[in-house]
Amino acid sequence: MKVRAGGSALAGLVLVGCGVVVAVFSDDALPGYAGESGVPRVTSERDLPELPLTAQELSDRDHKRMARAQAHFVQQCMRSYGFADFPLHPGRPAPMSQQVTMTAVSVSPYGIFDLGQARRWGYGFDPRRTAEWDAEAGPKGRVPTQREDEVLHGYGTPVGGKAGGRGREVPEEGCDGEGARRLMRGVEDEERLLGYVARRTQEIDRAVAKDERVRRAFRDWSRCVEGKGFKEYESPVAAFHDKAWRAGRKDGNTVRGERELGTAVADVECKKKLNTVGVWWAVSNEKQRAEMRDNKAKYAAVGEDRDRVRATVREALGEALAEK
């Protein structure tokens, strides 16, 4: 099946990429159902045009490149303290590495679309994907020594104090903190860059969910699912987050029982039949476009900081490549 199709209504913890279809829609008030102006017919994620605020956020590719750049900065810092063989991606001590962690899974903000997936995995995911995600995270190097850890995190040393390495003063929060600061070099407002668009998207999502056009679409969808013999849900979001699907699980996956699989199939069939997502998307598009018109200066400022970070990342990754 990571949440980024222009909203966070189903923010869970794999990103199902949303295909982009070039489309032009009117600014006129949107009617309720497909076939009328402004409402695309959506039967799969490939039919979903990108929402306006999606392009205003740092992408998944950006975040991966930022992590690589920051790791390079941290490694440079550690080498400057005499740790010449400090790994780019250090491992964790055994007790930490053996901790059970929840698998990071998320879906399109509109839920699942694929009937094959619904029939086999319900609201969960193929367990084999866990190994793929671990592989994508890349291999880990050796665990830092105690002296390295002091400099890496600034542990056991007052700010500006000395520890390990060559007896130099350790930067605040160690080389880890120094790497984060170098990544954000030149950024005017880090909090705005990393959080403004996401917060506004969440607020708009809540407004969209209260819009009568969407509420009507959800009611029709809910009656359809109930008509197929399953529980009445307020929305596809509520169906996805039903606690019964994940009861007793610690890995983020679902139990995939008969009830879950049946509900997931009904969910997908009803969304496609009624074009629930087409209406949902159209109202989101309308409100997001209005949001950007009303706050041009703020989005311009976010864009400038986004460009600064991308420039820093390009420079860092160029350096890393040259050092190999």
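This is a predicted model: local features need pLDDT of at least 70, side-chain atom pairs count only at pLDDT 80 or more; totals for chains, interfaces and linings use all residues.
Colleague: Okay, so which residue forms a salt bridge with D305?

Modeller: Here's the general idea: side chains of opposite charge can pair when their charged atoms come close. We call it a salt bridge when a side-chain nitrogen of Lys or Arg is within 4 Å of a carboxyl oxygen of Asp or Glu. For D305 the partner is R192, and their closest N and O atoms are 3.2 Å apart. This pair links distant parts of the chain, 113 residues apart, with R192 in helix α7 (residues 190-210) and D305 in helix α12. R192 counts as buried too, at 19% relative accessibility.

Colleague: How many salt bridges are there by that rule?

Modeller: The count comes to 22. Take R200 and E203, whose side chains meet at 2.1 Å, N to O. Both sit in helix α7, three residues apart, which is about one turn of the helix. E203 is partly exposed, at 38% relative accessible area.

Colleague: And what does D211 pair with?

Modeller: D211 forms a salt bridge with K287, and the closest N and O atoms are 3.6 Å apart. That one also links distant parts of the chain: D211 is in the loop between α7 and α8 (212-227), K287 is in helix α11 (residues 276-294), and 76 residues separate them. D211 is buried at 12%, whereas K287 is partly exposed at 25%. Salt bridges can share partners as well, and here they join E188, R192, D305 and R308 into one network.

Colleague: You keep naming helices. How do I read one, say α1: how many residues does it have?

Modeller: Helices are DSSP runs of H or I with at least four residues, numbered from the N terminus. The expected span is 1.5 Å times one less than the number of residues. Helix α1 (residues 60-80) has 21 residues and reaches 31 Å from its first C-alpha to its last, close to the 30 Å expected. Its buried residues include M66, F73 and V74. Among the elements covering them are α5 (146-153), α6 (174-183) and α12 (296-323), where contact means heavy atoms within 4.5 Å. After α1 comes G82, whose phi is positive, near 100 degrees.

Colleague: Last one: which residues have the most contacts inside the largest nonpolar core?

Modeller: A nonpolar core is a set of buried Ala, Val, Leu, Ile, Met, Phe, Trp, Tyr and Cys residues joined through side-chain atoms within 4.5 Å. The largest has 23 residues, and L48, Y110, V277 and W280 have the most contacts inside it. α7, α8, α11 and α12 each supply at least two residues, with α11 giving the most, six. A second, separate core of 16 residues includes A118, Y123, F230 and W245.

Methods
Residues are numbered from 1 along each chain as its sequence is written. Side-chain values use heavy atoms; hydrogens and water are left out. Buried means under 20% relative accessible area, exposed over 50%, partly exposed in between (1.4 Å probe, protein chains only).
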